[in-house]
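This report describes a predicted model.

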Amino acid sequence: MGQTDEVLALMRGRKPRPTVLKLVMGNPDKRSLNSNEPKPANMIPTCPAHLSPTAKSEWKRLVRHLHEMGLMSQLDRSVLAVYCQTYGRWVEAERKLKETPPLLKTPAGYVQVSPWLTISHKCVELMHKYLTELGLSPASRSRVAVPKPGPPPWEFCSAEEDEITRRYMS
């Protein structure tokens, strides 16, 4: 087995959640946390200039919330940019669908689905993937536990979880 095969063998299975999301959700699986996971600085990246006006509006709407939750860093800029640009295309496709019928008749007399409907459906699929990647899908949000006032959560953790919590929450 070559080195490439070994790397691929290690990447099978469900995609792991970032440690900060596990901590926000209260580590529901009770599995050990990755103490060696890189922790980029929590900061608001600049909005890419190439985004459409609608995509820029979505960027401004989301980036503040992601930053407040501690889920935004400079490294996440491209993932958020792709989501926002896809969102902008979806909005444009939905506007065009209001102007045109969802089914069109070709010059040969066949009925076909409007290209705008196809674009809209593809954008929805992609947006769902990126929302999940960013931890913003409705299912992800329903699993997030908002801490109640009281002692800090690391006072109830094991020594390993205590160290990881200090790294990610400071």
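The sections below take the core, then the surface, then the charged pairs.

## Nonpolar core

The largest nonpolar core has 15 residues. Those that touch the most other members are Leu-51, Trp-59, Leu-66, Leu-80, Tyr-83 and Cys-84. The most comes from H3, with five residues. In soluble globular proteins, nonpolar side chains tend to be buried together.

With neighbours within four places in sequence set aside, Leu-66 has contacts with Leu-71, Met-72, Leu-80, Leu-134 and Leu-136. Leu-80, one of these contacts, is also listed among the core residues that touch the most other members.

## Nonpolar surface patch

On the surface, a nonpolar patch is formed by Leu-103, Val-111 and Val-113. Together these residues have about 280 Å² of accessible area. Val-111 belongs to strand S2 (residues 111-113). Val-111 counts as exposed because its relative accessibility is 58%, and the cut-off for exposed is over 50%.

Lys-60 is located in helix H3. With 60% relative accessibility, Lys-60 counts as exposed. Its C-alpha atom is separated by 8.0 Å from that of Cys-47, 13 residues apart along the chain.

The whole structure has three salt bridges. One of them joins Glu-58 to Arg-61, with the closest N and O atoms 2.8 Å apart. Both residues are in helix H3, three residues apart, which is about one turn of the helix. Another salt bridge links the side chains of Glu-68 and Arg-64 (3.9 Å, N to O). Glu-68 and Arg-64 are about one helical turn apart because four residues separate their positions in helix H3. Glu-68 counts as exposed, at 57% relative accessibility, and Arg-64 is partly exposed, with a relative accessible area of 44%.

Lys-122 is partly exposed, with a relative accessible area of 44%. Glu-125 is partly exposed too, at 45%.

How values were computed: Residues are numbered from 1 along each chain as its sequence is written. This is a predicted model: local features need pLDDT of at least 70, side-chain atom pairs count only at pLDDT 80 or more; totals for chains, interfaces and linings use all residues. Side-chain values use heavy atoms; hydrogens and water are left out. A nonpolar core is a set of buried Ala, Val, Leu, Ile, Met, Phe, Trp, Tyr and Cys residues joined through side-chain atoms within 4.5 Å. Buried means under 20% relative accessible area, exposed over 50%, partly exposed in between (1.4 Å probe, protein chains only). Helices (H or I, at least four residues) and strands (E, at least two) are DSSP runs, numbered from the N terminus. Contact means heavy atoms within 4.5 Å. Patches are made of residues with over 30% relative accessible area and no salt bridge: like charges are joined within 9 Å, nonpolar side chains (Val, Leu, Ile, Met, Phe, Trp, Tyr) within 5 Å. Accessible areas come from the Shrake-Rupley method with a 1.4 Å probe; for residues, only the protein chains shown count as cover. A salt bridge is a side-chain nitrogen of Lys or Arg within 4 Å of a carboxyl oxygen of Asp or Glu.
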